[in-house]
Amino acid sequence: MHPREQTIFALSSGRPPSAISIVRVSGPQAGAVLSSLAGKMPAPRMATRALLRSAEQQPIDDAVVLWFPGPASATGEDVGEFHVHGGRAVLSALFAALSAFEDVRAAEPGEFTRRGFENGKLDLTEAEALDDLIHADTDRQRRQALRQLKGLLGDKVRDWRAQIIEACALIEAGIDFSDEGDVPAELIAPALAKIETLLGEIQDVLAAQGKSERLREGLVVAIAGPPNVGKSTLINALARREVAIVSPHAGTTRDVIEVQLDLDGYPVTVIDTAGVRETDDPVEQEGVRRARARAAEADLVLWLVDAEHENHRHVGAVPVWTVRNKIDLEPSDGEEPPPGDTDFEISASRGDGIPELIRALIGFAQDYFGSGEGGLIGRERQRGLLQDAAIMLQRSIDVMGEGEELAAEELRAAADSLGRLLGRVDVEDILGAIFKDFCIGK
């Protein structure tokens, strides 16, 4: 039997031990498995208490079972659920009992969602949104993923694709069936108007997105500067926990340390890098090289200095904020600050200036992400396919005067790009639209 035709099972809740664990079964054998282990078939979509028993009639657990006959299920197949006590031994016994059935196996990663996609329960944009929702670290990421899961992008793309197919049907009807009396004589003008309107809508979406897809990846802030200026102390203060070793000895941090922060719902990755200085230690040299590389790739650099270090920044074109640290150790006799302007003055160890720095980081994130939270595009793949579709629509307009066949080919390519965005590409769509709209072949 082909793996796609086999019945699969997997733990669908968190890692054990837990109060309750949910094990899902999907496929043609789901009903037989559920009936055999529970001793009876529960009513559809009704929680039923049952004592689960193995094939040898050994008790497994006192559980709650549910039955979702296909296609009215998450995967479109027959689905059974076992709500059991979340101990490792219980799950091990249940998995062993499930594996004993013929053509029943453990699911591969993402296989439940893939079957739902293949059975038309969700399109590719919704599948991506589901993955984003599961991995969302902040509330803004969660809200964006939930909107995508509800079809924010998919519904729009389906409408655009339908309009392209209609326009292509108009053009191809004029080409292939020009001698049919029930086909309108003037088809190119309405098709062209439809294409131009659609192109404008897609271009508006692309122009408005900015960096919205980066919301799922987050803002990257690198803390850089000379050794012993308090970079590790600062990352600990921002994270509010000990994530980096703090030492008075130069060169303690030799690799890149990362911490994920939630700043007012914005995902921010803060990087603690090795102190930038000239050194003969080959290990520290590699740390300095990595520090410079990560700072150059960051979206923002916090360049730390103190009273003993001058402000010499070497981070390229990345936005840089100069942060003067250790103000608590400076004498209060009016001594001048170190050379160079500073944007913030803090004491990472005592907490002075940290709230102001965090507020500034939140403001930077707001400007960086802009209105991306409400945008249609969530991933670079989606942006690329929309850009391809826009290019092909423009080409169809440009070649319309040279030949309708060329324009129709560009429209088919545009529809294919949107179909790949959704994960749905059907070559029969255009023929279906022609026969439906113009009664051809009656």
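Predicted model: local features only at pLDDT ≥ 70, side-chain atom pairs only at ≥ 80, totals over all residues.

Q: Which residue stands opposite valine 221?
A: Valine 221 stands opposite valine 270, which belongs to β9.

Q: How many bridges join β7 to β9, and how do the strands run?
A: Strand β7 covers residues 219–224 and strand β9 covers residues 266–272; 5 bridges join them, and they run parallel.

Q: What sheet do the strands form, and in which order?
A: The sheet is open and has 6 strands, in the order β8-β9-β7-β10-β11-β12, with mixed pairing. Its edge strands are β8, residues 257–263, and β12, each of which pairs on one side only.

Q: What joins β10 to β11?
A: Strand β10, residues 300–305, runs parallel to β11, and 5 bridges join the two. In this pairing, valine 305 stands opposite arginine 324 of β11.

Q: And how many bridges join β11 to β12?
A: There are 2 bridges between β11 and β12 (residues 344–345), and these strands also run parallel. Here valine 323 stands opposite phenylalanine 344 of β12.

Q: Is β11 mostly covered or mostly exposed, then? Which of its residues are buried?
A: Strand β11, residues 320–324, is mostly covered, with 5 of its 5 residues buried.

Q: Which way do its residues point?
A: Val320, Thr322 and Arg324 point one way from β11, while Trp321 and Val323 point the other way, and all are buried. In a regular strand, side chains alternate between the two faces of the sheet.

Q: What does phenylalanine 364 touch?
A: Leaving out residues up to four places away in sequence, phenylalanine 364 touches Leu219, Asp299, Leu300 and Trp321. Phenylalanine 364 lies in helix α10, residues 354–369. The C-alpha atoms of phenylalanine 364 and leucine 219 are separated by 9.5 Å, although these residues are 145 residues apart along the chain.

Q: Why does phenylalanine 364 count as buried?
A: Phenylalanine 364 counts as buried because its relative accessible area is 17%, and the cut-off for buried is under 20%.

Q: Changing topic: which residues have the most contacts inside the largest nonpolar core?
A: They are Leu386 and Leu393, in a core of 35 residues. Helices α6 (152–176), α7 (188–209), α11 (380–398) and α12 (404–422) each supply at least two residues of this core. Helix α6 gives the most to this core, with 9 residues.

Q: What does leucine 386 touch?
A: Not counting residues up to four places away in sequence, leucine 386 touches Trp160, Ile202, Val205, Leu206, Ile377, Leu418 and Leu421. There is also a second, separate core of 33 residues, which includes Val229, Leu238, Val259 and Leu304.

Q: Now the annotations. Where does UniProt place "binding site"?
A: In an unreviewed entry, the UniProt annotation "binding site" covers Arg24, Glu81, Lys121 and Lys442. Of these residues, Arg24 is included in the lining of the largest pocket. The unreviewed UniProt entry also places a "binding site" feature at Ser232 and Thr253.

Q: Where is arginine 24 found, and what is it in contact with?
A: Arginine 24 is found in strand β2, residues 18–26. Leaving aside neighbours within four places in sequence, its contacts include Ile8, Phe9, Gly80, Glu81 and Phe112. Arginine 24 counts as buried because its relative accessibility is 18%.

Q: What about glutamate 81: buried or exposed?
A: Glutamate 81 is buried, with a relative accessible area of 16%. Its place is in strand β5, residues 79–86. Apart from residues up to four places away in sequence, glutamate 81 touches residues including Ile22, Val23, Arg24 and Leu34.

Q: And serine 232: buried or exposed?
A: Serine 232 is buried, since its relative accessible area is 9%. Serine 232 is found in helix α8, residues 231–239.

Q: Finally, how many helices and strands are in the protein chain?
A: The secondary structure of the protein chain comes to 13 helices and 12 strands. The protein chain has 442 residues, of which 47% count as buried.

Note on methods
Residues numbered from 1 in each chain as written. Heavy atoms only, no water. UniProt positions renumbered as here; feature names shortened; annotations may be inferred. Helix = DSSP H or I, 4+ residues; strand = E, 2+ residues; numbered from the N terminus. Buried < 20%, exposed > 50% of the residue type's maximum accessible area, 1.4 Å probe, protein only. Pairing = 2+ DSSP bridges. 1 Å grid on protein atoms, 1.4 Å probe; cavity = no way out; pocket = protein on both sides within 12 Å on 5 of 7 lines; lining within 4 Å. Contact = heavy atoms within 4.5 Å. Core = buried A, V, L, I, M, F, W, Y, C linked by side-chain atoms within 4.5 Å.
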